[in-house]
Amino acid sequence: MMEQDIVFWYWWVLAVGFLALEILASGFFFLWLAVSAFIVGSVVLLIEATTFNVQVLLFSLLAVSSVLAWRKYARTRATEVSDHPLLNRRGAQYIGRTFNLIAPIENGQGKIKVDDTIWKVHGPDTPLGAKVKVVAIKGTVFEVQVCQ
């Protein structure tokens, strides 16, 4: 069998290729393969006598361990509580607040104005200008109750 002469920059080119794949298909999988290839290339640069089998074994171990470590870290971060839990749920930010009706609630339907947006509301029949409190949201319609 012919001796394969793999030099360090082959691994660095592979690392750049993995980084390009990461840009095209984000998800942090190829990033860790790129880091592993870069580390193996650095080891080969420092220790030129590293055989091809050792290089592949080192790359495999680094790749698997780094991907598994990232997945474990990402799973623990996903369960953390955000300091802005309603950031992308605009309607839910208004639950508990009171507003004046700009259209009376008739047959269960009415409207309120929140800042520069008009929202549909659902609740008991209530005259124009009455104060209502948002108690829930269903889609883009607020469920309201009349304030006392």
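These exercises walk through a predicted model, from its helices to its barrel.

**Exercise 1. Compare the reach of helix α3 with the expected value, then find its buried residues.**

Step 1. Locate the helix. α3 runs over residues 52-78 and has 27 residues.

Step 2. Check the reach. From first C-alpha to last, α3 spans 38 Å. At 1.5 Å a residue, 39 Å is expected, so the two values are close.

Step 3. List the buried positions. In α3 these are Gln55, Phe59, Ala63, Ser66 and Val67.

Step 4. Look for the cover. The elements over the buried residues of α3 include α1 (8-24) and α2 (29-46).

**Exercise 2. Where is Arg90, why does Arg90 count as partly exposed, and what does Arg90 touch?**

Step 1. Arg90 sits in the loop between α3 and β1 (98-106).

Step 2. Apply the cut-offs. Buried means under 20% relative accessible area, and exposed means over 50%. Arg90 counts as partly exposed because its relative accessibility is 39%.

Step 3. Find the contacts. Leave out residues up to four places away in sequence. Arg90 then touches Asp116, Thr117 and Trp119.

Step 4. Compare chain distance with space. Arg90 and Thr140 are 50 residues apart along the chain. Their C-alpha atoms are separated by 9.8 Å.

**Exercise 3. What does the span annotated "domain: NfeD-like C-terminal" contain, and in which order do the strands of the barrel close?**

Step 1. Read the record. The unreviewed UniProt entry gives this annotation to residues 92-144.

Step 2. Read the content. The span is 62% strand and 0% helix. Its end C-alpha atoms lie 13 Å apart.

Step 3. Trace the barrel. 5 strands close in the order β1-β2-β3-β5-β4, and the pairing is mixed. Neighbouring strands of this sheet are turned by 50° against each other on average, direction ignored.

Step 4. Pick one pair. β2 (residues 109-114) and β3 (residues 117-122) pair in the antiparallel sense over 6 bridges.

Step 5. Go down to residues. The bridge partner of Gly110 in β3 is Val121.

Methods. Residues numbered from 1 in each chain as written. Predicted model: local features only at pLDDT ≥ 70, side-chain atom pairs only at ≥ 80, totals over all residues. Heavy atoms only, no water. Helix = DSSP H or I, 4+ residues; strand = E, 2+ residues; numbered from the N terminus. Buried < 20%, exposed > 50% of the residue type's maximum accessible area, 1.4 Å probe, protein only. Contact = heavy atoms within 4.5 Å. UniProt positions renumbered as here; feature names shortened; annotations may be inferred. Pairing = 2+ DSSP bridges. Axes fitted to C-alpha atoms, helices over the stretch in contact; angles between N-to-C directions.
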